[in-house]
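User: Hi! I would like to learn how to read aromatic pairs and a few other features. Could you walk me through them?

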Amino acid sequence: DHLLFPEDQRAEWYAKHHEFLLANAFHGASVQIRDLTAKPMKGGAYKIEAVLVNEGDWPTRTATGRRSRRFSAPRTLLELGGSELLVGELRQRSGDLDPGETERFEWLVVGKPGQTLRFTVDTDPVGGTQMEVTLR
């Protein structure tokens with residue numbers, strides 16, 4: 001509370017407080033798609049593999065975030081672009097990724113060369129990212 005500081009010390013306290021807030025404002029989780037591949041298999045099938053990585057300084061959810069349930073774990077979506085899903089779930093949730101930690105997702109689809117699949121990840125509250133892969 002500002003009333004605990006004598007008036008001649010308040011400016012110094014405010015400066016330190018704001019410096020701390022600004023230094024930490026740019027830290028946090030940063031979930032990115034490291035890789036998205038489509039490996040051809042037999043019979044027109046493709047193994048789709050996505051790798052997520054937390055490139056940030058903080059975990060995707062802190063212990064307080066998990067307890068409060070205010071933010072959810074990163075959510076993923078694979079859009080098939082006309083291909084057919086054989087194995088896997090289109091919508092999934094990632095685990096709580098620590099800084100530098102990765103998570104792998106896999107699907108088996110049947111499709112035709114030229115079809116494009118899109119993988120999207122949404123992370124509360126920092127936003128999301130997406131990547132596409134074309135079947136060859």
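Analyst: Happy to! Rings of Phe, Tyr and Trp (its six-membered ring) pair if their centres lie within 6.5 Å; planes under 30 degrees apart count as stacked, over 60 as edge-to-face and the rest as tilted. In this predicted model, local features need pLDDT of at least 70 and side-chain atom pairs pLDDT 80 or more, while totals for chains, interfaces and linings use all residues. Residues are numbered from 1 along each chain as its sequence is written, and side-chain values use heavy atoms, without hydrogens and water.

User: How many aromatic pairs does a search of the whole structure find?

Analyst: The search finds four. W13 and Y14 form an edge-to-face pair, 5.4 Å centre to centre with 65° between the planes. F105, W107 and F119 make up one aromatic cluster.

User: Is T60 buried or exposed?

Analyst: Buried means under 20% relative accessible area, exposed over 50%, and partly exposed in between (1.4 Å probe, protein chains only). T60 has 8%, so T60 is buried. By contrast, W13 at 30% is partly exposed, and Y14 at 33% is partly exposed too.

User: Which residues is T60 in contact with, leaving aside its neighbours within four places in sequence?

Analyst: Contact means heavy atoms within 4.5 Å. T60 is in contact with A29, V31, N54, P74, G95, D96 and L97. A polar contact is a pair of N or O atoms within 3.5 Å; within protein, one must be able to donate a hydrogen and the other to accept it, and residues adjacent in sequence count only if both atoms are side-chain atoms. Here the T60 side chain reaches the backbone nitrogen of L97 at 2.9 Å.
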